[in-house]
Structures are given as structure tokens and as C-alpha cells.
Amino acid sequence: MDTPLARPAAGRRRDLLPAGLLVVLVGTQIAYPLTTGPARDAVTVAVVLLTAGTALVHATVTRGTGYAAGFVVIVSGIGLVAEAVGTATGIPFGAYDYADGRIGPQLFDVPLVVPLAWTGGLYPIWVVAGLLCPRPAARIGATAVGAVGWDLFLDPQMVADGQWQWQNTDSGLPGLAAVPYTNYLGWLVVAAVMAAVLTVWERTARGAERPAVPVLMFLWTWLGSALAHAVFLGLPYSAGYGSVVLGFLGVPLLVRLVREATGRGAGHDRRVVGPVAWRG
């Protein structure tokens, strides 16, 4: 039986590089709460580069260079436009400003690592949403909700670290007043636009997704962030909100993985049916 975490030897060999990058990424993220000041800024940049690198290397080895290039152009391109418009006008996230020079050079008042963060963060959500949602419209919606769940970890963490701040600091969720509601609405809209364009781009892709690495990236983002925020970063509210909203994808994913593992253990031969063709 094929499962998201079981593939032929050839597929596993091709996944060694993105899997290795994922291991380095996890180690770098673990270092984040142990650093302060310029060292933490350097870790922040490294995490973004490793996240985007893991995503794009995986996309390259599974779907081809063209697909990976299209993915980064679509997601980072839309992300840069949204962020540039956002810092200039306050639409769609609310009025906010980035700290000057802390995480590298800026373009249109947006640090250049930020569009890459969109690519690295959205990729595992996009893959998991495709695994769970056979229909394009459902996948778009699931990706948008998942992106908001990820941001419920990301924005409170970066605001607490002073990487950016909103002009309106008292209209957010209980316990997260410094991040206004408009931010999450903006994320929902922008991520939905990205997912809609990716749905069209997906039709041009060759090969088949092998989702082991993105699934592990997703689970680490969901569960690892919840632990880090609750225990190491002193952000219990974002730990709770992020866990619940990203759990709209995470819980069904875990259920699916458990069912597949149980079926395999019982000797069943069930093939995964969905929008992605698993090799096997």
C-alpha cells in the first residue's frame, strides 16, 4: 500500500537532500529561543532561507525545476506585492512597519526575506491541503485557513521580537491585542489568491508529489510552534490560537496517517485516492 510517508527506494533517495535541509531547519529553529539581539536576527534570516530552501528543493526533485520556479514566482511575487501595498497603504493587513535593517535589505520598505518566508511557509500547507482536499475550491480554502493558522504563530512571535509593529495595537484577539484582526483577514485573502493561482499552475506540473518532507514540515510547524510558544517564548495565547486554527488541517492529517498506518499493519492494500498521485 502507498502512504504519504512510504515510497520506493528511488523516491526516498531523491528526498534525501530536502530531508537533510529539514533536519538543519529544525535545529536552527530550536536555536531561536536560545539567542537574543543580532544573533537572533541572524537565526531568523537563516530559518527563512532554510524553510524556503527545503520547500523549493523538494518541489524541484519531485515536480521539476520549472514547477519550483513557478511556485516561488507566484507565492513570493504575490507576497511581495501584498507586503509592499500593505506597508504603503495599510491594505490588506492593516497599517504596519518593519524594523529597519534588522533582517537584511529591503525593497519597497519590505525585507527581501519576507517574500521568501511566504514561499517556505505556504508550501507544506499547500501540499497538505492537496492531500486532504480533492477538489480545487476546497484546497484553496484549506490553504487559506492553514496560512492564517501559521500566521497566528508567526506574527505574535515577530511582533514580540520587534521585527515589525502595527499602528493599531489594541484591536486584536484576546491576549494578542498588538496584532489587529485586519491582519488575519488580509492573510486569508492573500493566501486564497496565491492558492487560486497555484491551482492553475499545478496543471502544468509533471511528475507526482511525494509528500513525506512537506508533511513533516507541516507537523513540525504546527506542533513545534505550539510547544515553543507555550514553553520557551512566553506566548501562550498564540500557542493556543495557532494550534487550533492550524489544527483544522493538522488533525485530519494525523487521522489520515494513523488510518493508513493501521491499514498497512493489518495487511490491507488501500491506495490513497486524492488530488495527488502517490508513487508506488
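Visitor: Why is the contact between R63 and E202 called a salt bridge?

Guide: The closest N and O atoms of R63 and E202 are 2.9 Å apart. A salt bridge is a side-chain nitrogen of Lys or Arg within 4 Å of a carboxyl oxygen of Asp or Glu, so the pair qualifies. R63 lies in helix α3 and E202 in helix α7 (residues 181–202), so the contact ties together parts 139 residues apart in sequence. Helices (H or I, at least four residues) and strands (E, at least two) are DSSP runs, numbered from the N terminus. This is a predicted model in which local features need pLDDT of at least 70 and side-chain atom pairs count only at pLDDT 80 or more, while totals for chains, interfaces and linings use all residues. Residues are numbered from 1 along each chain as its sequence is written, and side-chain values use heavy atoms, leaving out hydrogens and water.

Visitor: What makes R63 buried or exposed?

Guide: Its relative accessibility is 7%. Buried means under 20% relative accessible area, exposed over 50% and partly exposed in between (1.4 Å probe, protein chains only), so R63 counts as buried. E202, at 16%, is also buried.

Visitor: Why is R102 classed as it is by accessibility?

Guide: R102 has 29% relative accessibility, so the class is partly exposed. Its salt-bridge partner is D41, and D41 is buried at 10%.
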